[in-house]
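Open the model in your viewer and keep the selection panel at hand.

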Amino acid sequence: MTTRKPAGSPTSSSQGSVLGWSLTVLLREWSARVEDASRDLPHGVRGYQVLSAVVHDAPPTQAALAARLGIDRTVMTYLLDKFEGCGLLERRQDPADRRVRRIVPTDHGRRVLGEVDARVAQAEDELLSNLPSEDRRVLLALLEHAATGAAPGEDRCAAVATSAGLAQEA
């Protein structure tokens, strides 16, 4: 791994916490780039989190999805209405309980998410482009390990939604 320090970068003794500064800058830049990458989705990053949760997990109920992402249930209704209107997902009756509606992605929704996921991956690559590929791989593995250790069992999608300021917005 590269040990050389970039010119002008802060040090613990002269600038305070390198970790805090580094994570803040990276999160700010990551958030802006993901917002740009998801601009075509209804509600931008919030929409990306909703569609991602619906595609990558077992079909959630509307209430469970709202709770998972920290979005008010009434706001979730409007979000899902918009997504359904765009043909990205459907509400389907749960065969085990007729009172429950499952949120299911459409084929179109899966394709759209695949496109947005590719743009997000490209944005992440660009964000870390000043690192050699091996350093990038190691950094991501270490960050994942540290985050998992700091918050074992935390729902990744909900954590991102909360950090990006998407939870409990009206």
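Which residues make a nonpolar surface patch of about 360 Å²? Select Leu19, Leu23, Leu140 and Leu143: they make the patch. Patch residues have over 30% relative accessible area and no salt bridge, with nonpolar side chains (Val, Leu, Ile, Met, Phe, Trp, Tyr) joined within 5 Å. A salt bridge puts a side-chain nitrogen of Lys or Arg within 4 Å of a carboxyl oxygen of Asp or Glu. Areas come from the Shrake-Rupley method with a 1.4 Å probe.

This is a predicted model: local features need pLDDT of at least 70, side-chain atom pairs pLDDT 80 or more, while totals for chains, interfaces and linings use all residues. Residues are numbered from 1 along each chain, and side-chain values use heavy atoms, without hydrogens and water.

Now color helix 2 and helix 7 (133–150); each supplies at least two patch residues. Helices are DSSP runs of H or I, at least four residues, numbered from the N terminus. Zoom to Leu19, in helix 2. Leu19 counts as exposed because its relative accessibility is 57%; exposed means over 50%, buried under 20%, partly exposed in between.

Next, go inside. The largest nonpolar core has 29 residues; Val50, Leu51, Leu65 and Met76 touch the most other members. Core members are buried Ala, Val, Leu, Ile, Met, Phe, Trp, Tyr and Cys joined through side-chain atoms within 4.5 Å. Helix 3 (44–56) is among the helices supplying at least two residues; helix 3 gives the most, seven.

Select Leu65. Beyond four places in sequence, its contacts (heavy atoms within 4.5 Å) are Val50, Ala53, Val54, Pro60, Met76 and Leu80.

Last stop: Arg68, in helix 4. Arg68 is partly exposed because its relative accessibility is 24%. Check the C-alpha distance to Arg156: 9.9 Å, across 88 residues in sequence.

Conventions
Buried means under 20% relative accessible area, exposed over 50%, partly exposed in between (1.4 Å probe, protein chains only). Patches are made of residues with over 30% relative accessible area and no salt bridge: like charges are joined within 9 Å, nonpolar side chains (Val, Leu, Ile, Met, Phe, Trp, Tyr) within 5 Å.
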